[in-house]
Amino acid sequence: MCGIVGAVAQRNVQEILLEGLKRLEYRGYDSAGMAVLDGRSRLHRQRAAGKVAALADCLESVPLAGGTGIAHTRWATHGRPTERNAHPHQSGEDVAIVHNGIIENYESLKQELAEQGYTFASETDTEVVAHLVAREYESTQDLLTSLQHVLARLHGAYALGVVHASEPKVVIGARKGSPLVVGVGIEEAFLASDPLALLQVTDRFIYLREGDVVRLSEGGRIEIFDAQGQAVSRPVQTYEHGDGASSKGDYRHFMLKEIHEQPKVIEATLEGRIGDNGVLVKSFGIEAESLFSRAKQIHIVACGTSYHAGMVARYWLERYAGIPTQVEVASEYRYRRVVVPEGTLFVTLSQSGETADTLAALRFAQERDYLGSLAICNVPGSSLVRESDLTLMTQAGPEIGVASTKAFTTQLTALMLFTLALAKVRGQEPERQAQIVEGLRSLPERVKEVLRLDPQIEALSAAFAEKHHALFLGRGSHFPIALEGALKLKEISYIHAEAYPAGELKHGPLALVDSEMPVISVAPNDELLDKLKSNLQEVRARGGELFVFADENVAIERAEGVHMLRLPHIDDALAPILYTLPLQLLSYHVAVLKGTDVDQPRNLAKSVTVE
Ligand code: G6P
């Protein structure tokens, strides 16, 4: 994850680019840089290791002046976070380039270029693109055409911004697999990874589509070409979200807003991490491939909702990556005499990255013989992120509601990426991996479809408002989803709720079932469905009222006392993510009916930084 900004304007662009970088720092901040073309067709560059503030200090002592430029804030994948590896990368004195994403075939391209005498100043994959553009330019003498030729040779995911000294009023952008928007100004035009970066100069944006290439030139001219090179027009949209995170917008509660943000944040968590050949292992960090290939088992440690995400991951990691996995709550783990088998990777999950027990568990693990540590976290710069060897950031954005919603589904998304990365490194079932990757691509759309069922879910909530207890059932990877559903209900509606693996029903909880105990069951169309159906019969036979969330293709008989809600079909592997949503919405509506404080439920805190 990196952030890109570009501009072609009448005025000096240094401050516009710098402000844009500051706003993109959430995308990575291990080094930053800027290249500007002055009025005499000369390229000037400044780069600095560290945060954007370090670059700002350099620019204060040696400012850049010119109306055309590109800038970048980096999150290292290839090569350490040094000044030498910071973007923009140049080829000679003419071409400068910024890149977000991963060029998967950079090694063969690098070899080809090296044989032709090109030398490399960095360890990055990006530098090959700079040289390829320079080489093409020699014959085409046109930056747009050169980049189009180069794109045909790149595999992987990218958003790019390119300038050439011979075209001092031009910035070219391209996107495939990483986002890029064009900011429409008055006689000036801009480029960025996220509209947020440009809100200080415009509120009008063109969202480039996959494969698009754009030329920004003098006078605010914007020309867009699709992947086939055809000139196309894309709509200009006005940005209307305002300062999104800190306000509820039109929603009654932050929790509801955050539930509805899930399609967007899941998409953001996937962004730049899937290439032509599945998950991009390098997107987990420079050392990921070597660490993952040496891992023989995994220990996952977390608290609360994050712990439930870890429980789902255990099913995935064992099923799809064939790697033994243990999951434990941090407050237990840290005081246990843990036996660490050789080759164990330690993984923490946390929304905040500041949960005291999880942090203590990490420090405890660092004193033991683990292979290394990976943190899956939502807050860049948090203690957990700073202290772990590898990090995978979820892109949920700030989560204000105490009951975690979007942080959980983005954790699951990240954990599935982690599972697929391990499966890939370990050479497990490539066809199955490809199917799941396809499923991930359409996941945001499926999530939107489930959100449209909200009125039906709200209608179910009335049956819970007067109840004192509820039982959630699930099997396999949906048992943790049942646990999460029960946690949501108790956190915000104060109804006592428990979750059981459905097969355990007969070993105790069945004694509690009567007409006063609603039973909620998660029934995707998976291999355990038939067994689950038998468990549901056990509930019906005791007069319990059943609420079943099931796949649209599942045949479950409609009967008195059975309330069914059909969910769109999804690959079994990804069903736990989808089936979380109706449970979140159900809890929300029950809490609203009961009149509790949804966003700040009694006795709880968003981030528990004490033991
Ligand atoms: C608190 C929050 C929960 C959260 C848990 C772990 O209990 O109320 O929503 O799941 O902490 O937090 P973390 O930030 O580590 O995910």
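**Ligand contacts and helix packing**

A polar side-chain atom of Ser352 lies 2.6 Å from an oxygen atom of the ligand. This placement comes from a predicted model, in which 13 residues surround the ligand.

**Ligand surroundings**

- Among the 13 residues around the ligand, the closest are Ser306, Ser350, Gln351, Ser352 and Thr355.
- Ser350 places a polar side-chain atom 2.6 Å from an oxygen atom of the ligand, and for Thr355 the corresponding distance from a polar side-chain atom to a ligand oxygen is 2.5 Å.

**Helices H9 and H13**

- Helix H9, spanning residues 304–320, packs against helix H13, spanning residues 406–425, at an angle of about 25°, and their axes are 9 Å apart.
- Because angles under 35 degrees count as roughly parallel, H9 is described as roughly parallel to H13, and the crossing of these helices is right-handed.
- On the H9 side the contact is made by Thr305, Ser306, His308, Ala309, Gly310, Val312, Ala313, Trp316, Leu317 and Tyr320, while H13 contributes Phe408, Gln411, Leu412, Leu415, Met416, Phe418, Thr419, Leu422 and Ala423.
- By class, the contact of H9 with H13 has 13 nonpolar and six polar residues, with no charged residues.
- Ser306 belongs both to the residues of H9 that contact H13 and to the closest residues around the ligand.

**Helices H16 and H18**

- The axes of helix H16 (residues 479–493) and helix H18 (residues 575–594) come within 9 Å and cross at roughly 20°, which makes H16 roughly parallel to H18.
- The crossing of H16 and H18 is right-handed.
- In this pair, Ile481, Gly485, Lys488, Leu489, Ile492 and Ser493 of H16 meet a set of H18 residues that includes Pro576, Tyr579, Leu583, Tyr588 and Lys594.
- Sorted by class, the contact of H16 with H18 has nine nonpolar, four polar and two charged residues.

**Helices H4 and H5**

- Helix H4 (residues 126–140) and helix H5 (residues 143–151) pack with their axes 8 Å apart and at an angle of about 125°, which makes H4 oblique to H5.
- H4 and H5 cross in a right-handed sense.
- Val129, Leu132, Val133, Glu136, Tyr137 and Thr140 of H4 make the contact with Leu143, Thr145, Ser146, Leu147, His149 and Val150 of H5.
- The contact of H4 with H5 has, by class, seven nonpolar, four polar and one charged residues.

Note on methods. Residues numbered from 1 in each chain as written. Predicted model: local features only at pLDDT ≥ 70, side-chain atom pairs only at ≥ 80, totals over all residues. Heavy atoms only, no water. Axes fitted to C-alpha atoms, helices over the stretch in contact; angles between N-to-C directions. Helix = DSSP H or I, 4+ residues; strand = E, 2+ residues; numbered from the N terminus. Parallel < 35°, antiparallel > 145°, perpendicular 65-115°, else oblique. Left-handed = near helix turned anticlockwise from the far one by under 90°. Contact = heavy atoms within 4.5 Å. Nonpolar A, V, L, I, M, F, W, Y, C, P; charged D, E, K, R; others polar. Near = heavy atom within 4 Å. Polar contact = N/O pair within 3.5 Å; in protein donor to acceptor, adjacent residues only side chain to side chain.
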